[in-house]
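Welcome! Take a pencil, look over the sequence and the model, and try each exercise before you read its solution.

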Amino acid sequence: MAVVGAEIQAEADTTAQGAAVLRLSGIWKYYGRIAALSDVSVAFQAGEVHAILGENGAGKSTLMNIIAGVIRPQMGEIAFDGRAVASMSPETAASHGVAISYQHPAILDDLSVLENLRVSLPAALFDGPQPRAVAQAMLDQVGLTVPLHARSDLLSVAQKQLLEIAKALAVKPKVLILDEPTASLDQDATDLLFRRIREVVSAGTAVIYITHRLAELRQIAHRVTVLRDGRMQGTAQVAEVSDEDLLAMIVGRRLGSAFPPKVAAASGVNLRVAGLTGRQFSNISFEVARGQILGVAGVAGNGQAELMRALAGLDASAGTVDLGGKVLSPADLLQAAGFMPSDRLAEGLAGGLTIRENAAISALDKFSAFGIVRRKDELAQVSETFRSLAVKAPSIEAPVRSLSGGNQQKVVLARALLSNPGLIIADEPTQGVDVGARAEIYRILREVSAKGIPVIVNSSDAAELEGLCDKVIVMSRGRLVETLTGADVDEARIVAAAVGAQTHMEQEDTRHVKAAVSGWRHFVQTDNATAVPLTAVMILLGLYVFSQNSHYLSSFNIGNILMLATALGFIALGQTVALLLAGIDLSVGPLAGFLVVVASFFITDGQPASMILLGFGLMVGVAVLVGLVNGLLIRFAGFTPIAATLAMYIGLQGCAFLLRDSPGGYINSTVVSWITWQIGPIPAAFVVLMGFAFAAEYVLRNRWIGWQLRATGSDEDKARRIGLRIDRTFVAGYVASALFTALGAIMLMAQIGVGDPAQGANYTLASITAVVLGGTSLRGGRGTFIGSVLGALLLTEVLNAVSFLGLSQTYQYVFQGALILAAALIYATVRERAAVPQ
């Protein structure tokens with residue numbers, strides 16, 4: 001092995017001497033005291049596919065993120081076309097022609113497919129009268145058939161991967177980085193991707209291809225570099241190095257067969273499934289004998305994933321599941337099954353918990369006595385399970401997000417094993433896992449099966465099913481079409497059985513997306529879906545109160561409601577910006593009150609026009625300053641949005657009372673009359689508010705700044721990876737929130753007519769209520785300015801109705817709380833149901 005390594009290193013030295021479009025020299029990257037990369041030097045040639053191999057945690061993704069400008073090394077040099085780059089960022093990398101398709105796609109769930117393309121790619125790509133046609137051509141290039149207006153959270157893992165690849169190919173890059181691009185793709189999609197790679201390589205693009213699959217390496221790569229534990233093991237021409245030598249360098253030892261021996265003779269059936277029918281599959285029947293591993297095969301999108309979820313008790317199903325002589329209901333299956341989902345980030349891991357907590361969360365009863373966890377037992381069993389799975393982690397108390405993809409998958413497997421399951425359901429268990437870790441996972445699954453626990457594995461890799469499984473069922477269009485056992489469990493037989501449904505795969509694979517974005521489902525999925533129910537509730541409430549009090553719909557009262565709603569509406573628009581960023585602005589109420597107090601020193605009767613204009617200018621200036629401070633505290637001082645804006649809330653309230661300890665400074669009557677001018681019962685200011693709301697809504701849906709705002713709130717990490725300037729967006733967002741609040745303060749000033757330090761604070765809770773009523777998500781990324789104005793209108797109407805119905809002030813708070821709870825529950829439930837295929 002030492003001789004092989006020396007030969008390959010000599011090849012690397014020869015490569016380094018040639019012309020390279022991209023060269024990395026002496027790259028070091030530390031996380032704490034752990035070296036993720038140690039003195040890595042590698043060159044990438046134009047018109048060549050250069051594969052990067054290594055175990056999970058070897059440093060491959062770190063190296064790619066350095067090239068893409070997402071992270072910066074502590075030492076080393078990066079040079080494009082022979083010219084060193086002093087400081088890398090996503091923007092710098094893009095300017096040098098670097099495009100990357102991440103292993104975990106940087107697809108923003110709260111944006112549509114079209115919006116994901118437009119916010120990620122240069123605007124120049126969409127110049128012309130038909131940007132949708134340009135976007136459609138990008139999807140066609142990778143064979144992705146989903147509606148452009150589909151919200152991306154409806155896409156499958158494979159569809160998101162194809163969308164990620166489409167983004168990378170669209171810019172016609174000089175350097176194209178593909179990080180595990182085929183991990184979730186079926187054979188057809190993989191073949192199409194390879195054709196596209198060959199096309200861009202023939203045009204002179206340097207392709208950096210990260211993979212764990214040696215078969216793919218032979219198909220597509222010209223040169224290969226191996227990393228292990230952050231260090232270079234060597235570079236070679238693919239045609240001149242054997243799989244055995246590559247494996248030896250990857251894992252640091254010679255490997256035998258990746259698959260453990262199969263069961264010699266199965267005895268006794270311990271799992272019977274009969275006539276199982278559920279979403280996207282029907283009438284599935286099979287048996288699993290003691291010691292057997294059952295594989296599930298088929299072209300992607302033919303019901304395999306849905307079958308796995310039903311067997312795990314996660315989805316409803318009809319039929320019989322008999323485990324060890326006991327018929328299990330879906331609720332029983334949920335308790336009995338250890339489930340390994342295909343998308344570990346979305347379903348397999350709790351990102352905010354530690355490695356230990358993720359592994360032990362399903363087995364806490366084992367470690368508990370009278371509801372108290374025995375930490376010693378928990379640590380012992382978790383540590384032992386991690387040792388058996390060879391989990392590489394700095395500490396079991398480290399955040400689970402700090403692990404590589406393969407080690408995260410091992411944590412998911414550890415959790416399933418620690419729960420003492422009655423059966424194991426593994427959906428794509430080795431997706432994105434390196435060759436050494438795969439062998440360990442295969443070994444563990446075989447050991448579990450040998451203990452009499454049924455193991456069911458769904459995999460898109462037919463070779464994996466052949467090597468691992470004793471029996472394979474093949475699915476097509478949701479039905480079982482063939483069962484293979486013994487010597488018939490062969491890669492060619494599995495593929496042949498699945499190929500019969502290929503002509504239907506594309507339609508089947510995207511059917512749930514098309515259904516979910518058409519008709520009423522598409523309407524419910526839009527952020528403005530709240531407009532109809534809010535309007536209906538306002539009309540019905542108005543008619544009811546009018547039936548009890550005929551003065552309710554008088555011109556005077558309608559004008560009064562609209563005037564009050566205008567002040568709240570402007571402040572709610574500001575709160576909407578903060579919530580879209582996945583933040584919150586508690587300071588809006590006291591800011592509005594403080595600005596009125598400031599105005600009471602300048603915008604008063606007897607003051608010249610210059611002084612009045614100065615007063616308005618000071619209101620705007622103070623608002624900008626407050627927004628800047630809020631944004632800077634959150635982004636650069638480590639404050640949470642609640643902590644920063646709560647501190648500002650208290651500070652502004654105190655400053656208002658320092659300026660005036662009691663009401664004083666009456667507002668100029670001419671200014672008040674202009675602000676409160678009405679056209680019939682409709683205040684002109686309300687018309688202005690609606691104009692602002694529609695303009696803001698248009699920008700939010702149709703302009704890059706709006707997509708950037710929603711992208712940042714949807715997923716900050718993904719937004720940063722696609723090159724958005726997160727810090728600037730946050731600071732600008734809080735300044736916008738404060739400016740909208742300043743407009744609300746102008747309305748409040750006209751309503752109360754005096755500088756009162758006690759006024760304004762209640763607008764904080766009211767604005768949050770209005771925004772949530774309007775349908776904006778408290779988790780960020782989704783929202784609507786129009787809905788926020790309608791929410792402000794409804795809230796104002798409710799509070800006004802309480803007075804007309806002769807109810808006490810207590811009911812105002814009761815109704816306000818009930819409205820916000822009802823809105824949050826109803827909209828969350830409707831969206832969840834709309835996202836589920838029928």
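Contact means heavy atoms within 4.5 Å. Axes are lines fitted to C-alpha atoms, for helices over the stretch in contact, and angles run from 0 to 180 degrees between N-to-C directions. Helices (H or I, at least four residues) and strands (E, at least two) are DSSP runs, numbered from the N terminus.

The model is predicted: local features need pLDDT of at least 70, side-chain atom pairs count only at pLDDT 80 or more, and totals for chains, interfaces and linings use all residues. Residues are numbered from 1 along each chain as its sequence is written, and side-chain values use heavy atoms, with hydrogens and water left out.

**Exercise 1. Describe the six-stranded sheet and the helices lying across it.**

Step 1. Two strands pair if DSSP finds at least two bridges between them. The open sheet has the strand order 16-19-20-13-21-22, and its pairing is mixed.

Step 2. Look for the edges. Strand 16 and strand 22 (479-485) each have a single partner strand, so one side of each has no neighbour in the sheet. On average, neighbouring strands here are turned by 15° against each other, direction ignored.

Step 3. Check the pairs. Strand 16 (residues 337-340) runs parallel to strand 19 (residues 423-427), joined by four bridges; there, phenylalanine 339 has isoleucine 425 as its bridge partner. Strand 21 (residues 471-476) and strand 22 run antiparallel, with six bridges, and lysine 471 stands opposite threonine 485.

Step 4. Helix 15 (residues 405-418) lies across strand 16 and strand 19, at about 175° to strand 16. Helix 16 (residues 435-450) lies across strand 13 (293-297), strand 19 and strand 20 (455-458), at about 145° to strand 20.

**Exercise 2. Work out which way the residues of strand 16 point, and whether they are buried or exposed.**

Step 1. Buried means under 20% relative accessible area, exposed over 50%, and partly exposed in between (1.4 Å probe, protein chains only).

Step 2. Ala337 and Phe339 point one way, while Gly338 and Met340 point the other way.

Step 3. All of these residues are buried. For the whole protein chain of 838 residues, 56% count as buried.

**Exercise 3. Describe the four-stranded sheet.**

Step 1. This open sheet has the order 2-1-4-5, with antiparallel pairing. Its edge strands, strand 2 (34-44) and strand 5 (83-85), pair on one side only.

Step 2. Seven bridges link strand 1 (residues 22-31) and strand 2 in the antiparallel sense. Arginine 23 stands opposite alanine 43 in strand 2.

Step 3. Helix 2 (residues 60-67) packs on the sheet, touching strand 1, strand 2 and strand 4 (75-80), and its direction makes about 120° with that of strand 1.
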